[in-house]
Amino acid sequence: MKLSLEGIGHGFLGRPLLEDVSLILNDGEIVSLVGPSGCGKTTLLAIAVGLIDPLRGRVRRLYNRHAMVFQEPRLLPWLSARDNIAYGLVPRGLSRLRCRDVAAAKARAVGLGQMDWNKYPAELSGGMRQRVAIARALAVQPDIMYLDEPFSSLDVGLKRILQDLVVRMAREEGFSGLFVTHDLVEAVRVADRIAVLSSRHRGIVEVRTVPGRPGERDERMVFDLVERWSRDAVFAELFDGEGRCL
Amino acid sequence: MPRLGWLGRYLWGGWASATGIFCLFALWQFGSEVYGGFVLPTPLRTFAEIATIVQGPVFRDVAAQTCMRTFLGFALAAGLGGLAGAVAGYSVAAMRLLKPVVAVILSVPQISWIILVMIWFGATGTTPVITVTVAALPISFAGALEGVATRDRSLDAMARVYGVGPLRRFATITVPHLLSYLFPAWTITAGTAWKVAVMAELLANAGGIGGELATARTMFDIPQVTAWTVIVATFALITDYGILHPLRESLESWRRAGQPRDAAP
């Protein structure tokens, strides 16, 4: 077990958002958190990573290091791609040379050509920036990677490439992943298990295991599964336009 | 190599600036021909006067005195204003307290400060320094306040996730952002510093370039007045284009990234 959320409750300005939410993340497993926008996915992730202290409940982190990929790349505009990748290594106290080596290796791993290493974020495309953000997360050799709708602004093709990249890296380096998304197709492609959040119930209504292993499922199977689940009452809120808190 | 390229572009851009300045000289020449050389000495007459002044015995001491005072006043204004502004940017309570204070300081005429400080400190070199500090401080304060208040909190959250400590976060996230607010403020601060320093020297009878201007006034030596004016303006321009601009360029080279190649410096 890597992470355990126990009876988490939270809200903003007296309005409850999450009530008694529990979730366990096992070694080497990727769990997707799906749900409609405004249901508290990002808040739950921020609680798990420690950016927000929950009002109720307990977070147990049974690991040393975590990393996070945000919805926006969140790169420092004044650092080159390579220095951005090394940014997470700053508190580690590694030598400059060592940081640069690690950054170069991770840049290569996410498919960033050497000619892009010294470019500033403003000179990179949206996809490239998100690759840099993933490389920054990989560089710290995390035990868990938190991902907050990291690919929602990318086109379908690029989305798949980067999803596969994250899944492959998780397998190779053995980290677990907590992957927030509102896209059921994405969740089915990358996850071992899917936790469904509901804004009506202010918490997780069901956790489902996806058959097969992430990265090995064929497109037909993903499509059929999403098709079938989209008529399922559990996922109704994802596809439903009514009763939304906008 | 990129630095050399930048220097080349910077100097080349100087041609355009030079053209503008020569247009100004042409206008000046025209004015002196219309109103007569006694009221407005020609540029040439002024430059001859400058040459005499520069070769004269007092120039070095007088110029050094004013430079020192301006620099001290600027450093105090930039330092204290920047520090107070940064603190106010972090703390809402401090901002509420300091903002009106600074607004009041800003609305007090500089001439009143000169008289007050003159009474407090006498006709010494302290008067111009304090006046410069008080006159220029609010601009630095406002710049730093705005810079810290508009820092990117999402980058801060990112750094916190990666375990970067508060000092490191300040240095790597807040400071680079702050600089882009401080440099324009410092440009204005420096310009104000020169003008106020000379004004304070003149009124407080505290020597320096202002003192020379006072003498020229009593002697009704108009070419002296225009000559010293051009000298002060030159010093101000050197501060801006010779020091602040290149400094900003070297610290903010990332800003030019992603912009069209021929964007003017």
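This is a short walk through a few spots in a predicted two-chain model, from the core of chain A to the aromatic pairs of chain B.

Okay, let's start inside. The largest nonpolar core has 91 residues. The residues with the most contacts inside that core are A:Leu3, A:Tyr146, A:Leu178 and A:Ile194. Take A:Leu3: beyond its sequence neighbours up to four places away, its contacts include A:Leu23, A:Ile24, A:Leu25, A:Ala48 and A:Val59.

Staying in chain A, look at A:Ile8, which sits in strand S1, residues 3-12. Buried or exposed, this A:Ile8? It's buried, because its relative accessible area is 0%. Leaving out neighbours within four places in sequence, A:Ile8 is in contact with A:Leu18, A:Glu19, A:Asp20 and A:Val21, among others. A:Leu44, A:Ile47 and A:Pro54 are on that contact list too, and so is the run A:Arg56, A:Gly57, A:Arg58 and A:Val59.

Now a lysine. A:Lys41 lies in helix H1 of chain A, residues 41-49. With a relative accessibility of 4%, A:Lys41 counts as buried, since the cut-off is under 20%. So what does the side chain of A:Lys41 reach? The backbone oxygen of A:Pro36, at 3.3 Å. Setting aside residues up to four places away, A:Lys41 also touches A:Glu149, A:Val180, A:Thr181, A:His182 and A:Leu197, among others.

Next, helix H4 of chain A, residues 126-139. That's 14 residues, and the helix reaches 20 Å from first C-alpha to last, close to the 20 Å expected. How many of the 14 residues of H4(A) are buried? The count is 11, so I'd call this helix mostly covered, taking buried as under 20% relative accessible area. Among the buried ones are A:Gln130, A:Arg131 and A:Arg136, along with A:Val132, A:Ile134 and A:Leu138. What do they pack against? In chain A, strand S5 (66-69), helix H2 (81-86), helix H3 (96-109), strand S6 (144-148) and helix H5 (156-173), together with helix H7 (153-161) of chain B. Just after H4(A), A:Gln141 takes a positive phi of about 50°.

One more from chain A before we move on: A:Arg208 lies over the face of A:Trp229, 5.1 Å from the ring centre.

On to the rings. Over all chains, the count comes to 12 aromatic pairs. In B:Phe22 and B:Phe25, the ring centres are 5.7 Å apart and the planes are at 75°, so the pair is edge-to-face. These two are 3 residues apart in helix H1 of chain B (residues 2-35), which means about one helical turn separates them. B:Phe22 is exposed, at 56% relative accessible area, while B:Phe25 counts as partly exposed, at 22%.

Compare B:Tyr90 and B:Phe170, a tilted pair, 6.2 Å centre to centre with 45° between the planes. This pair links distant parts of the chain: B:Tyr90 is in helix H3 (residues 59-90), B:Phe170 in helix H8 (residues 166-204), 80 residues apart. Both are partly exposed, B:Tyr90 at 41% and B:Phe170 at 31%.

Key:
Residues are numbered from 1 along each chain as its sequence is written. Chains are lettered from A and ligands numbered from 1 in the order in which they are written. This is a predicted model: local features need pLDDT of at least 70, side-chain atom pairs count only at pLDDT 80 or more; totals for chains, interfaces and linings use all residues. Side-chain values use heavy atoms; hydrogens and water are left out. Helices (H or I, at least four residues) and strands (E, at least two) are DSSP runs, numbered from the N terminus. Buried means under 20% relative accessible area, exposed over 50%, partly exposed in between (1.4 Å probe, protein chains only). Contact means heavy atoms within 4.5 Å. Rings of Phe, Tyr and Trp (its six-membered ring) pair if their centres lie within 6.5 Å; planes under 30 degrees apart count as stacked, over 60 as edge-to-face and the rest as tilted. A charge sits over a ring if NZ of Lys or CZ of Arg is within 6 Å of the ring centre and within 35 degrees of the ring normal. A polar contact is a pair of N or O atoms within 3.5 Å; within protein, one must be able to donate a hydrogen and the other to accept it, and residues adjacent in sequence count only if both atoms are side-chain atoms. A nonpolar core is a set of buried Ala, Val, Leu, Ile, Met, Phe, Trp, Tyr and Cys residues joined through side-chain atoms within 4.5 Å. The expected span of a helix is 1.5 Å times one less than its number of residues.
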